Amino acid sequence: MNRFILPLGGFALLVLVLFLGVKTSPERSTLQSVLIGKPAPEFTLPDLMNPGRQLSSKDWAGNAYVLNVWGTWCPGCRQEHETLLRIAQLGQAPLIGINWKDEDSLAHEWLAQLGNPYAAIVSDHSGRTAIDWGVYGAPETFLVDSQGLVQYRHVGPMTMEVWEKQFVPRITGKPVDPS
Amino acid sequence: MLPELGQFALILALLLAALQAFFGIAGPHFRKDRWTAVVTPAVAGQFVMVATAMVCLVASFINFDFSVLYVAQNSNSALPLMYRVAAVWGAHEGSLLLWIFLLAAWTVAVAIGASRLPQHFTARVLGVLGIVSFAFLLFTLATSNPFLRLEPAAPDGRDLNPLLQDPALAIHPPMLYIGYVGFAVAFAFAVAAMLEGKMDQTWARWTRPWTTVAWAFLSIGIVLGSWWAYYELGWGGYWFWDPVENASFMPWLAGTALIHSLAVTDKRGLFKSWTLLLAILTFSLSLLGTFLVRSGVLVSVHSFAADPARGMFILAFLVIIIGGALSLYAWRAPLLKSQAGFEFLSRESFLLFNNILLIIATAVVFAGTMAPLIADALGFPTLSVGTPYFNPSFIVPVLPLLALVALGVQSSWKRGRLGEHKRRLLVTLAIAVVLTVALAFGLFGRAKVLTPVGFVLALWIILSSLADPIDRWRRKLSVSRGVLGMTLAHIGLGVLVMGVTAVESYTQERDVSLSPGQTVTMGNYAFRFNSVEPHEGPNYDGVRGDFTVTHEGRTILQLHPEKRLYWVQRQALTEAGIGSHWGSNIFLALGEDLGAGKWSVRLQIRPLVNYVWISAFIMALGGAVAASDRRYRSAKSAAAETVPAVGGAAEGKAG
């Protein structure tokens, strides 16, 4: 055993990690996961805008809603923010925010500066709820239908194109363009 | 017809790359000169084919050929000419073609530039480059063909991602790729040396200019990306530790270490196996950068093309190329012995510390970038790593590294006595301290703990680097381009540290809501919001604000921040209004329309942030000057200067 083998060993470990990463990436980017078509995970979390109060996923039962996972630490969330504001203006479905592993004061500042597209926001300080939802990284956006079933998941910054092609047809019940 | 021609040219290029790889490796190994002779024509042929493919794709973009899927996805009839050309590398497929094209161009440059080297060695270098090129061509043709047709043709295209419709970003990928691909040359030199089983000081001399030029391009590529993020993403920062930024930063750090380690191998015949390992590491990190951005493993602002099948392919590719090189290293590196010694405080020892610290810095960035992936692969809860980790961890190896730069440039090879340089070091340090006091307490005012440290180090690096060239110049001695280039690059580093220190210490920032006619003040500056008007560009519309900036009562700037809505992708973008005054960068971004004529506005004053960007150009210029040193140009003079190789190699295994 000589020390010149060490780099090769380190590289082998890295390859293993990357291999596992690639293997699980399809589920992450399109969520062919258990959640689609299944009931949305339930949660009860503090209201970001009114920290004394608790909000529960049951509060929106019976209506389709869009769940957006975000944090002030996440550049992609900053990028999608203007899109979210536009979506909120369209009013096709209420936008529920999960403020993920963030500080309330930072989140308040962010919303005051950039505008608030959300109908309601809960604070997931521990990150437990995000784990229940299988969130890989912010931002992620889920569509939950009026029966409380998860219909779609989008990973990465939201765009108007994704909204119009993937979310709107599912909300209005029209066929989805497979592209 | 053009797309078919392009695809056919790529297939021919693949075959030629296979020939280049096979004969380049096998020819010298079996000592068949006729095999070896095939290599150079294959290189030329491959370049012609790849260039043809590139021209075909560019022409399809310029001519709005929406029957080509890739064009339809990344262009539009309203897209201006400049961005139609830049759209070629606006997404995955075309980026790969650009990579291959640049590699083919570098390979031709090597074939020409290295023609004075021993023929069998050049053949091996070209053979290794052929393997890399073959893998990329195969990858492109198998998973990412940019020439696929769309039936029926689209009436119009879906447009280039509006984020990428920007001059800086149009040239950012080519610069970055020239750097990445340039490190492939250093890698090929390293592998060829291991195949030869022999590596002496001449080897390092051949490798140095290629590596330095690649590093210079990479510096510019990275900083263009940073500049773009500063004014285009609308939140006004120059570095975010985003995974994709890190992916380009890691090869830069390792490449910087490689440049310094090559200097030691060249001048003193030391650090041989370490230099080889660094050459492999630097290129591996370049490939890893490509992998991370393109495979969908990391979700980031930049990952506009994610596809797991491609991920697997790139992974296999990494295993073969990097794994192969590291296996060769494990087998051959023990044969390379360095026999010369050096004293503590000699230049060698400073460069050794430089390398250790740079590699620690690389490891810090690597750990932060990979941690989420590793946690994920092992099934731990998702973890996100950002500035709170990177800033403090990165600074730990970097502060001592900066101090070493000032010391190291004054040290001598071999001897561990600073001697007369001790006085220079103390004088320059004293001047740096005095200037810092003036800057931190006179000009800027309040300071953080690290502010004086940053300024002192920055100024000390600059002054200490200048001391020797100025001294030589006063004594009418010549300064070689190598020394001049090194001095410039180190001054660039000092300027970078100045810029970062000033920005991190003295940035002023305010978010306000304003109506037209209102004025808001920050520091000595007043910002008057005159109006906001509808505004239309070639492929977007939006609004354009008009602001007047005054400094102590005098009007200094008119700024026009914009909010754009691009028609095709319906994406909204912020275009900040940016101006300069006394080295300060004044940044103004239009936020939301708050109704009733009010707008949220973000104001920032960032002193010396321009230094951050200028510094990369100074460093790159230094690299270019150093690479043009006469030592590297003539084989004869190089041979004459070469001290007999220190330490041996297994001659029996030499091919």
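Two residues are in contact if their C-beta atoms, placed from the backbone, lie within 7 Å.

## Model and numbering

This is a predicted model: local features need pLDDT of at least 70, side-chain atom pairs count only at pLDDT 80 or more, and totals for chains, interfaces and linings use all residues. Residues are numbered from 1 along each chain as its sequence is written, while chains are lettered from A and ligands numbered from 1 in the order in which they are written.

## Helices 14 and 16 of chain B

Helices (H or I, at least four residues) and strands (E, at least two) are DSSP runs, numbered from the N terminus. B:Leu402, B:Ala403, B:Val405 and B:Ala406 of helix 14 of chain B meet B:Leu457, B:Trp460, B:Ile461 and B:Ser464 of helix 16 of chain B. By class, this contact has 7 nonpolar, 1 polar and no charged residues. Here Ala, Val, Leu, Ile, Met, Phe, Trp, Tyr, Cys and Pro count as nonpolar, Asp, Glu, Lys and Arg as charged, and the others, Gly among them, as polar.

The axes of helix 14 (residues 387-408) and helix 16 (residues 450-474) of chain B come within 8 Å and cross at roughly 25°. Therefore the two helices are roughly parallel (angles under 35 degrees). Axes are lines fitted to C-alpha atoms, for helices over the stretch in contact, with angles from 0 to 180 degrees between N-to-C directions.

## Sheet of chain B

Four strands of chain B form an open sheet in the order 1-10-9-8, with antiparallel pairing (strands pair if DSSP finds at least two bridges between them). Strand 1 (508-514) and strand 8 (577-581) are the edge strands. Strand 8 is joined to strand 9 (residues 584-595) by 5 bridges. B:Ile578 stands opposite B:Phe587 in strand 9.

How values were computed: Parallel < 35°, antiparallel > 145°, perpendicular 65-115°, else oblique.
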